[in-house]
Amino acid sequence: MSEPFVSANGEAFDWSAVPQLPFERFADGLLGALGAGQRAAAFFGVATGAGTELVAVLASERDGLLRWSRTLVAGSSFPALTPHAPELHLFEREIAEQHGLRPEGHPWSKPVRFVATTQRHRSPAEPASRPAPPEVGVTDFFRVEGHEVHEVAVGPVHAGVIEPGHFRFQCHGEEVLHLEISLGYQHRGVERALAAGPDKRGPHYAETLAGDTTVGHATAYCQVLEALGGVRVPARAQALRGVALELERIANHVGDLGALAGDVAYLPTASFCGRLRGEFLNLTAELCGSRFGRGLVRPGGVRFDVPAPLGRSVLSRLDTALGEVNDAVGLLMDAPSVQARFEETGRVSAATASSIGLVGPAARASGLPRDARHDFPHGVYRFHQLPVTVWHTGDVFARAHVRRKEVERSGTFVRRQLEGLPGGALESAPAAPRPGQACAVLVEGWRGELCHVALTDLRGRFSTYKVVDPSFHNWLGLALALRGQPISDFPLCNKSFNLSYCGFDL
Amino acid sequence: MHYLVHVLLVLALPPLLLGIANRVKALFAGRRGPPVLQLYFDLAKLARKSTVQSRTTSFVFRAGPVVALATTACAAMLVPLGAHKAPLSFGGDLVFFAYLFALGRFFTVAAALDTGSAFEGMGGAREVTFGALAEPALFFGLLVLTRLGGAVRFAVVLGPGLADHWVEAAPSLVLVAVSLFVVLLSETCRVPFDDPNTHLELTMIHEVMVLDHGGPALGMILYGAAMKLFVLGAVVVGVALPASSGNAWLDWLLFLGGMLGCTVLVGVVESIMARLKLVAVPKLLVTACLLSAVGLVLLVR
């Protein structure tokens, strides 16, 4: 048994150093590692001349390292690993969709994003004739049969101004027996567009992977490029990236807490948090001119400096806003009627969360101490540790509570960074990626772990660029949280996860 | 003359109540809120719109809003406003009153089922379940009043005698007033039973049943809902504030003050508490039922 190749988060290395294993050894090693507490950060296909290579990147919280393995599938199918490792289910469906490989024995093999076959890689074994492109959302859904069982279909067009997604509930009266979520309506092909790089459009694409995670995805993209090019980012830029990332986290968490209040019709917090989210977005705009942090993070560093007077004014406004958040959210969490709604609603046990590979606040609310800032520290987080916020109940209350604590702790972190900003340059000169390299970067965005993986070809262009948004891991968590719950609690559970549609659909 | 005032108030005032409740909520939330007259504007807008109807619907669907509004307007003629007599009054009008609402509910639910939508079916099931529990609460309250007044008529139970009963049977009447207020919140789909502002179909009770209605039909539904709040509010005010000043015009003012207080209370409740879990709604309705029942026990012991 050969040891898998080990890298650190954001470390570039020679791709040829990762041994290509026969499928059985690859599968055994992968399943063994998943069973032993490692986690699939990414699992994807790479089109090669000889067939499709399957690449697995496993993350281990225990030692903070990433483990790589790969195997070649020459035929048009491979034995599915999902029956033994549920967290791989979407990854395998994605491989099937993007590379035309059939995962044999996959319990629920169907399209992920309804990508037209003309838009994807072709395995050499595939017949040349191509079927008509699939119509998004038109597929089989899991059905519960029986007397008094009814089906409720929601979306893809919703009553609110939100992204499109289709939800199919199997209900017995008010109780949800099963929820199936069908996405793909937002598929833009942005991952493929990124893979055509690196070029000037890259950072812009990265910023729009999921608009509410602009800084997170941009940071991950830039770290990939910097690692591949061997660029060192100045300390001041690292600190400012951390500030922007935490401001993004605060703004989104505050918005989510307000939305949770709105969903249980608790007015005061709903209104206040809606305004306060804007305060934090405005602080980001103070830093770079964009409320979502667009144009701030660029390969090599950051584009905008924070002079001392600006830093002081941002800090004083941050303190005011955080104080108001504390009041508004305190009102929410202390109201008995709200507690009655939040507690015991949409529970995900730690065992379930672990088996399906939840990440981010949703995982931490189920008692899993997973936080890439702590486990796989990158950038400024290597020098300034943030405590991991964990709660054990796994319900809506837990997800709200984790957000509340993270807002506080991120506030403290931003204060510490802005008070002690290191001097020096803002940007290093970017360098072209070296050929034949590979690199994976994990960044803890506000929604959870963002994973970007890049391989370069012999000319230093990307041969593969893979993005795994936290939503990709977590949508199934929402579906499972709904089991046995009243269907009327779905909007509340949905909001407590607040997952991205476009981050999933890419 | 006063009957005319009664009819005018019933027809003109209900949308204002919702405007006031919304203003109270806005104040609590630190917002400015929509204009107090917003619902009038909305109704005027809806009246001018055309409607689109699903091909699967029949006359039942079109009858829903009409019957709901008609029954509510009819019920409004039975309730004395403050110290003034109602235009219609006869033995047993209390029971008639309760079942006018049941008739309206039946047609609203039938119209919802007529669309064949899963959402509206769910809403109908919820409405009927909660309606079945609100009804005994209402009847237990009316039973206490009937026991005190000695006749099954609004004119008697909410008549001049009630003020004296407040002296001898205050605990029972307090319980009844609270219980009727809970019934009011439930019947008019306010927090903590339903959220009139939500856009989330899966959590709605009443709103989800009327998703397919638009234009004038939707206007009728909104107007009917406002009138229902007015009518049930008048009953609660009648129980809680039976005072009469002796001057007829002053009595109208007194009644309007009571209605204002009741509306503000609805707004306050909506501002300071979250919605109940749907499974907890029956518990609150049973509690309302028990409050009135305890009121009854206190009377007959």
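Two strands count as paired if DSSP finds at least two bridges between them. Keep that handy for this predicted model.

**Exercise 1.** Work out which strands of chain A build the four-stranded open sheet, and what packs on it.

*Solution.* Start with the order: S2-S14-S15-S16 of chain A, with antiparallel pairing. Next, pick out the edges: S2 (12-14) and S16 (462-468) of chain A each pair on one side only. On average, neighbouring strands here are turned by 15° against each other, if you ignore direction.

Now zoom in on one pair. S2(A) and S14(A), residues 437-445, are joined over three bridges in the antiparallel sense. For A:Asp14, the bridge partner in S14(A) is A:Gln437.

**Exercise 2.** Decide how H6(A) runs relative to H15(A): roughly parallel or roughly antiparallel?

*Solution.* First, the geometry: the axes of H6(A), residues 235-263, and H15(A), residues 490-497, come within 9 Å and cross at roughly 175°. Angles over 145 degrees count as roughly antiparallel, so H6(A) is roughly antiparallel to H15(A). Last, the residues: A:Asp256, A:Ala259, A:Leu260 and A:Asp263 of H6(A) meet A:Pro491, A:Leu492, A:Lys495 and A:Ser496 of H15(A). By class, that's four nonpolar, one polar and three charged.

How values were computed:
Residues are numbered from 1 along each chain as its sequence is written. Chains are lettered from A and ligands numbered from 1 in the order in which they are written. This is a predicted model: local features need pLDDT of at least 70, side-chain atom pairs count only at pLDDT 80 or more; totals for chains, interfaces and linings use all residues. Axes are lines fitted to C-alpha atoms, for helices over the stretch in contact, and angles run from 0 to 180 degrees between N-to-C directions. Helices (H or I, at least four residues) and strands (E, at least two) are DSSP runs, numbered from the N terminus. Angles under 35 degrees count as roughly parallel, over 145 as roughly antiparallel, 65 to 115 as roughly perpendicular and the rest as oblique. Two residues are in contact if their C-beta atoms, placed from the backbone, lie within 7 Å. Ala, Val, Leu, Ile, Met, Phe, Trp, Tyr, Cys and Pro count as nonpolar, Asp, Glu, Lys and Arg as charged, and the others, Gly among them, as polar.
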